[in-house]
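Please look at the sequence and the model before reading on.

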Amino acid sequence: MKIVVPIIPKNLDEVKDIDSSKYEGADIIEWRADYLAKDDILRVAPAIFEKFSGYEILFTIRTVNEGGYADFSAEDYISLLKDVDALYHPDYIDFEYFTYKSHFDQLLSFPNLALSYHNFRETPENLMEIFSELTTLAPRVVKISVMPHNEQEVLDLMNYTRGFKTLNPEQTYATVSMGKLGKLSRISGDVTGSAWSFSGLDSENANGPGQLKLHDMKRIKAILEED
């Protein structure tokens, strides 16, 4: 299970101030670019990719519709994904599939897509259908985050992950049940088949409810990997 840690700089100065040594133990750095103004993203990109050259990088523009801060037009969203991919070749590019489904054909040639679905309000009743549709498209990663309102919904997310991974062993899944109730889903990936767990460096840069801190996640991972 890989540990993903976000960075959320709001300007170039904040990028320069990031101490990359503090991210030791992370496997993937998620650059949450939606905290920047649209015109600043490409200006800041060189510094970010240089500073974290030793890590896999997940490039994410999380929109307001799915719990983020970006309020771009569809054209700007797609254009930024294409520009960052062409110039910097991140290991993964997050694409909000259901929000921009009608534009998906423009990214069909991308081998590094993490097709994502985020729901900060609920665990939808059609969760199985969401898993199925994203899996059918065979992206590099199927990425699903939902909010549970009871224990059963946490177990549902974990069971669907296990079921789809069993049927599609070559597909990478990254699934999260958010909030306090869902914390178990963040540490059980080796059992459920979820390959990523998202952690915050500290409380200020956690970008998901229930997200564990990096130093805690490293300890838990070490314990779970003991013989």
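## Asp-34

The side chain of Asp-34 reaches the backbone nitrogen of Arg-62 at 3.1 Å. The model is predicted: local features need pLDDT of at least 70, side-chain atom pairs count only at pLDDT 80 or more, and totals for chains, interfaces and linings use all residues. Residues are numbered from 1 along each chain as its sequence is written, and side-chain values use heavy atoms, with hydrogens and water left out.

Asp-34 is found in the loop between strand E2 (28–32) and helix H2. Helices (H or I, at least four residues) and strands (E, at least two) are DSSP runs, numbered from the N terminus. Is Asp-34 buried or exposed? Asp-34 has a relative accessible area of 3%, so the residue is buried (buried means under 20% relative accessible area, exposed over 50%, partly exposed in between, with a 1.4 Å probe and protein chains only). Not counting residues up to four places away in sequence, Asp-34 touches Thr-60, Ile-61, Arg-62, Gly-68, Tyr-69 and Ala-70, where contact means heavy atoms within 4.5 Å. Met-178 is 144 residues from Asp-34 in sequence and 20 Å from Asp-34 in space, C-alpha to C-alpha.

## Asp-94

Asp-94 is found in strand E4 (residues 92–96). Asp-94 counts as buried because its relative accessibility is 0%.

Which residues does Asp-94 touch, not counting residues up to four places away in sequence? They are Leu-58, Phe-59, Thr-60, Arg-62, Tyr-77, Leu-81, Ala-114, Ser-116, His-118 and Lys-143.

## Ser-197

Ser-197 has its place in strand E8 (residues 196–200). With 1% relative accessibility, Ser-197 counts as buried. The side chain of Ser-197 reaches the backbone oxygen of Arg-186 at 2.6 Å. Leaving aside neighbours within four places in sequence, Ser-197 is in contact with Met-1, Lys-2, Ile-3, Val-4, Arg-186 and Met-217.

## Aromatic pairs

A pair of aromatic rings is described by the distance of the centres and the angle of the planes. Rings of Phe, Tyr and Trp (its six-membered ring) pair if their centres lie within 6.5 Å; planes under 30 degrees apart count as stacked, over 60 as edge-to-face and the rest as tilted. By this rule the count is 18 aromatic pairs. The rings of Tyr-77 and Phe-95 have centres 6.1 Å apart and planes at 40°, so this pair is tilted. Tyr-77 is in helix H3 and Phe-95 in strand E4, 18 residues apart, and the pair links distant parts of the chain. Both Tyr-77 and Phe-95 are buried.

The rings of Phe-131 and Tyr-160 also form a tilted pair, because their planes are at 50°, with centres 6.1 Å apart. Phe-131 lies in helix H4 (residues 127–136) and Tyr-160 in helix H5 (residues 151–167), so the pair ties together parts that are 29 residues apart in sequence. Phe-131, at 0% relative accessibility, counts as buried, while Tyr-160, at 25%, counts as partly exposed. Elsewhere, ring pairs link Tyr-77, Phe-95, Tyr-97, Phe-98, Tyr-100, Phe-104 and Tyr-117 into a cluster.

## Helix packing

The axes of H4 and H5 come within 10 Å and cross at roughly 30°. Axes are lines fitted to C-alpha atoms, for helices over the stretch in contact, and angles run from 0 to 180 degrees between N-to-C directions. H4 contributes Leu-127, Met-128, Phe-131, Ser-132 and Thr-135 to the contact, and H5 contributes Leu-157, Tyr-160, Thr-161 and Phe-164. By class, the contact of H4 with H5 has six nonpolar, three polar and no charged residues (Ala, Val, Leu, Ile, Met, Phe, Trp, Tyr, Cys and Pro count as nonpolar, Asp, Glu, Lys and Arg as charged, and the others, Gly among them, as polar).

Helix H2 (residues 41–51) and helix H3 (residues 74–88) pack at an angle of about 35°, with their axes 11 Å apart. The contact is made by Ile-41, Leu-42, Ala-45, Pro-46 and Phe-49 of H2 and by Leu-80, Asp-83, Val-84, Leu-87 and Tyr-88 of H3. Nine residues of the contact of H2 with H3 are nonpolar, none is polar and one is charged.

Methods:
A polar contact is a pair of N or O atoms within 3.5 Å; within protein, one must be able to donate a hydrogen and the other to accept it, and residues adjacent in sequence count only if both atoms are side-chain atoms.
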